[in-house]
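Please work through the following exercises with the sequence and the structure open beside you, and try each task before reading its solution.

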Amino acid sequence: MSASFLSTGRGKLILLLLCGVAFLDLVDASIVNVALPSIRQDLHFSTQGLQWVPSGYLLTYGGFMLLGGRAADLFGRRRVLVTGTVVFGVASLAGGFADSAGLLVGARLVQGVGAALMMPAALSLLTTTFKEGADRTKAFGAWGAVAGLASAVGVLAGGLLTDGPGWRWVMFVNPPFCVVILVGAFRMFEADGKRVSLKGLDLVGAFLVTAGMLLLVFGLVKAPDQGWGSSRTVLELAGAGVLLVVFVVNERFSRDPLLPLSVFRIRGLVAADVTQLVGVAGFISMFFFLTLYMQNVEGWSPIRTGLAYLPITIGVGIGAGMAPKVVAKVGTRPVVVSGAAIASVGIFLLARLKVQGSYVSGLLPGMVIMAVGLGLLFVAISTAANAGVPHHQAGLAAALLNASQQIGGALGLAVFAAVSTARLNHELKQGAQPLAAFTSGLSWALTSCAIAVACAAVIALRTRNVHSEAEAEALAEVEELVTAR
C-alpha cells in the first residue's frame, strides 16, 4: 500500500462506498419520521404502536450488532456485508409493499438485522483498508461526519418523498442504493476465503441479548397504556432484566462469548459507549417529537417539514468540519463534552414549543445550535471509543459503539414517549384544549431529551482524551501488551 492510499482514486472510492453503507443504515433510523403521520393514517396504527416503526429498526439493529461483528470475523467481511445488504434491500421492498401495520413493523425488524450485518463489516473494512495514521484519521472523520448528518438528511429526504411519490418511497428508495453497494463490494474488495465455520458463533448470547432488549423496550412502550404499576408491565420489565442477567452469565462462562467481558476493563471504553447511548437517546427522540410538532400542531406538509430540517444538515457539517482541528489541539474529551453541552442547550431552546409558534425565532436558533454540537460529538466520540482498544478487539469495540447508538435510540423513544403521554393526559384532565395538551406533552419530552444529552456531557468526562488516531493506536499497543501479560 502506498504512503497515502486515500489519495488514490481507488482509496477515495472505497471510502465513499463504506461511508455510503453507514449513511444508508443510519439514515433509515430517521427517514420514516416525517412519514409517520401518513403511515399511521394509511395502515391504521395506534399512537403507541406507531413507535414500533422507528423503534423496531433501531432495536434489531442494536441487538444483532455484536453478532454481526462476530460474523464478519468468522465468515469474512465482504461476505457478511453482501449478505446484510441483500437482507436490507429485500426487507425494504417488503416494507414498501406492506398493507398492514404488522407487516411494516416486521419489515422494519428485518431491516435492522440486515443493517446490523452491514455496519460492523463496513467499519472493519475501513479499519483494515486505511492503516496509516493520517489516512485512518481522515477516514474516521468522514465516518463520524456521515453519522452526524444521517439523521438530519433522513428527515429532509423523508419529507420530500412523503409529499412527492408517497410514504412508501421512504422504503422503496433503499433497494437501488443496495444494488450500488453490492456492485461496489464485489469490485472493490477481494473475495473472502472459502473456509466457513460456525465454531465460536455465540448464537445463545445473541438470542439472549436481543430478546432481553426487545422485551425491555416493549414493556416501556406499553407501560403508559397498561400502567407503570400493572402486573403486566412489572412482569415484562422483570423478564427483560432476567434475560439480560442470563446473557451476562452466559458470556462469563462461554468458550467463545459474543461479548468478552474483559473488554470493559479498557479504561474509558464504557464511558464512551454510555455517552453515545444516552446522547443518541436524546437526539433520535428529538427528531421524532419535533416532527410530530411540525406536522400535527403546526399543520405543515411533509415536504415543508423536511425542508425545515435543512439548517441542521448545514450545522452538522460545520461542527463535523471543526471537530478534527479542535481534537488535534485539545483532545477528544473536551470536544465530546462541549459538543454534548452545546447540543443540550439547543434542544432546551427547541423545547419552548407553542401552538402557532414561529419557525425563525422559535425553532431555527435551537436547531442550528443543536446541530453544531451534534457534529462535534459524533466525530470525536469514534476516536475516543477506540482509544486504548487492542487490535484483536477493535471490531468488538466498534460493534459496541454502534450497538449503543441504536439501543439508545430505541430506549429513548420508549421512555420519552411515555413522558409525553403522561403530560398529555395530565393536561387533558386539567381541562386543557387537546392541541395545547399535545404541545405541552411534546415540550416535556423535548426537555427530557435535553436533560439526557446534558447527562451525556457529564458522562463524557470519564472518556479517554486523545489528540489523534496515532495516539489512539499507541494506547492500543500498550493495552495489548498489558493484556498479554
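**Exercise 1.** Decide whether Met171 is buried or exposed, and find what surrounds this residue.

*Solution.* Step one is the accessibility: Met171 has a relative accessible area of 1%, and because buried means under 20% relative accessible area, exposed over 50% and partly exposed in between (1.4 Å probe, protein chains only), Met171 counts as buried. This is a predicted model, in which local features need pLDDT of at least 70 and side-chain atom pairs count only at pLDDT 80 or more, whereas totals for chains, interfaces and linings use all residues. Residues are numbered from 1 along each chain as its sequence is written, and side-chain values use heavy atoms, with hydrogens and water left out.

Step two is the location: Met171 sits in helix α8 (residues 169-172), where helices are DSSP runs of H or I with at least four residues, numbered from the N terminus.

Step three is the surroundings: with residues up to four places away in sequence set aside, Met171 touches Ala91, Ser92, Gly95, Gly96, Leu104, Arg108 and Gln111, contact being heavy atoms within 4.5 Å. Of these partners, take Ser92: Met171 and Ser92 are 79 residues apart in sequence, yet their C-alpha atoms are 5.0 Å apart in space.

**Exercise 2.** Follow Leu104 from its contacts to the largest nonpolar core.

*Solution.* Begin with the partners of Leu104 beyond four places in sequence, which are Ile39, Leu43, Phe45, Val53, Gly95, Ala98, Trp167 and Met171. Next, turn to the largest nonpolar core, which has 150 residues; such a core is a set of buried Ala, Val, Leu, Ile, Met, Phe, Trp, Tyr and Cys residues joined through side-chain atoms within 4.5 Å. Leu104 is among the residues with the most contacts inside this core, together with Phe283, Phe289, Leu290, Met294, Ile312 and Met370. The largest share of the core, 15 residues, comes from helix α12 (residues 269-297).

**Exercise 3.** Explain why helix α4 (residues 65-75) is described as largely enclosed.

*Solution.* Count the buried positions: 8 of its 11 residues are buried, so α4 is largely enclosed by the rest of the structure. The buried residues include Met65, Leu66, Leu67, Ala71 and Phe75.

**Exercise 4.** State where His44 lies, and whether His44 is buried or exposed.

*Solution.* His44 lies in the loop between α2 (36-43) and α3 (52-63). At 67% relative accessibility, His44 counts as exposed.

Conventions: Helix = DSSP H or I, 4+ residues; strand = E, 2+ residues; numbered from the N terminus.
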